[in-house]
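Please open the model in your viewer and keep the selection panel at hand. The stops below are given in the order in which they may be selected.

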Amino acid sequence: MERIPILQMGQFLLVTIQVDMHDRLALALQDDLTNRIVKTQAQGVLIDISALEIVDSFIGRILGNIATMSRILDADTVVVGMQPAVAITLVELGLSLTGVRTAINVEQGMALLRSPFGASPEERDTHAQT
Amino acid sequence: MVLKSKSVVAKILEQDETTLQTDWLKALENSDMYRKGVIRPAELRDQCSEFLRLLRNAMQQGNLTEIQAPEWANTRQFLADMTRVRAQQGFSPQETTTFVFSLKKPLFDRLWQELPKDPQQLAEEVWNATTLLDQLGLWTIEVFQKNREEIILRQQQDLLELSTPVVKLWDSILALPMIGTLDSSRTQVVMESLLQQILETESQVVIIDITGVPTVDTLVAQHLLKTVAAARLMGTDCIISGIRPQIAQTIVHLGVDLSEVTTKASLADAFAIALKRQGLKIVAAS
């Protein structure tokens, strides 16, 4: 069965979804990723979905779940490169993925993971003021 | 009897066309609905004689009641073209239909002269003619209305495209000045163009300025929040600016929760905070 590769870059894990997600693939990714986080003691996870063109409510929910699970395992999660159509679909489905951090591309996503104050814009504002 | 009665109006049109046209022109020029200066007298005369000619041709086919029939196609086309031109010149529907209705008086005068001794036939003739002219007049109103609707529809579409510019203020800072009432279809267009621009410019901050939005109700607020949520999913922070005092009051009274979103009173404040987030600041030139 095909699987989505999980790459390790130092203390971060990198997941690049290059194929259209189907339900079993998403569930397999959820399994693999949680296992890898525990095994590698990763501090951050970056999920690149820039090639993902189609989402349904299930995939949307799994994406949110994966991010929440990673956070419970003490790894920051950033979802990067979401396509406009995907963003609109998720919002219309009522899945705003609150609590999941997002970035426009992989570069900024990595910067967000590395920055110690990157939790939210407000915290960055306070950081900038001090 | 019917055949004969038909021929009276047609006969008048054939034989007394010139006098009829002169009377009609006089009636048109004397009516308040005739705008001197907008239509030249020569043009009006041409239109009158053309209409009379078409009317005569159509009547010779013998159909006096059904103007949707094919033999009336030319007459309808002529009236439609004329109405279109007049609508563009700013005529009111009343002024436009007067062109047709003002033919009644001269035509009935002629009928009365033709049939002085036969009141029954006269009444019948008048009835036929009036039905016919009423239908033609109503037809011009219909065309007029259709024209207006087309214009309104086109303007709506123009507005939709015109009023949703996405402006790049600085590297990775976009601004979206919203103008006019936000409804579902407009918000959809706005959201799509904004997200596309975010993707192309890889922007990190978007300032949504609602100074030009006259009112904010729950629906508009919901649209705004949806846009903010979609932009956030793509990794871009949104700042809402240009909130007027009244709108702030309305938002609180409606119970709309904007606590998740950074809000600023003016676009300048929002731009300042956006720069700060990018680690930039504006300094005076020495």
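Begin by selecting D134(B), which counts as partly exposed at 29% relative accessibility. The model is a predicted one, and every value quoted on this tour is computed from it.

D134(B), at 29%, is partly exposed.

**Second stop: helices α2 and α3 of chain B**

Next, select E17(B) and R56(B). Their closest N and O atoms are 2.3 Å apart, and the pair forms a salt bridge. Which parts of chain B does this pair tie together? E17(B) lies in helix α2 (residues 17-30) and R56(B) in helix α3 (residues 41-60), so the contact joins parts that are 39 residues apart in sequence. Are E17(B) and R56(B) buried or exposed? Both residues are buried.

Now display the two helices as a cartoon. The axes of α2(B) and α3(B) come within 10 Å and cross at roughly 130 degrees. That angle makes α2(B) oblique to α3(B), and the crossing in which α2(B) passes α3(B) is right-handed.

Remain on helix α3 of chain B and select R53(B) together with E50(B). Their side chains meet in a salt bridge, at 3.1 Å from N to O. The two residues are three apart in this helix, so about one helical turn separates R53(B) from E50(B). R53(B) is partly exposed, with a relative accessible area of 34%, and E50(B) is also partly exposed, with 28%.

The salt bridges visited so far are among the 11 that the structure holds over all chains. In general, side chains of opposite charge can pair when their charged atoms come close.

**Last stop: a nonpolar surface patch**

Finally, select V167(B), L169(B), W170(B) and L280(B) and show the surface. These residues form a nonpolar patch there, and together they have about 330 Å² of accessible area. Where in chain B does W170(B) lie? W170(B) is in strand β1 (residues 167-170) of chain B. Its relative accessible area is 47%, and W170(B) is partly exposed.

How values were computed. Residues numbered from 1 in each chain as written. Chains lettered and ligands numbered in written order. Predicted model: local features only at pLDDT ≥ 70, side-chain atom pairs only at ≥ 80, totals over all residues. Heavy atoms only, no water. Salt bridge = Lys/Arg side-chain N within 4 Å of Asp/Glu carboxyl O. Helix = DSSP H or I, 4+ residues; strand = E, 2+ residues; numbered from the N terminus. Buried < 20%, exposed > 50% of the residue type's maximum accessible area, 1.4 Å probe, protein only. Patch = residues over 30% accessible without salt bridge, like charges linked within 9 Å, V, L, I, M, F, W, Y side chains within 5 Å. Areas by Shrake-Rupley, 256 points an atom, 1.4 Å probe, with all protein chains shown as cover. Axes fitted to C-alpha atoms, helices over the stretch in contact; angles between N-to-C directions. Parallel < 35°, antiparallel > 145°, perpendicular 65-115°, else oblique. Left-handed = near helix turned anticlockwise from the far one by under 90°.
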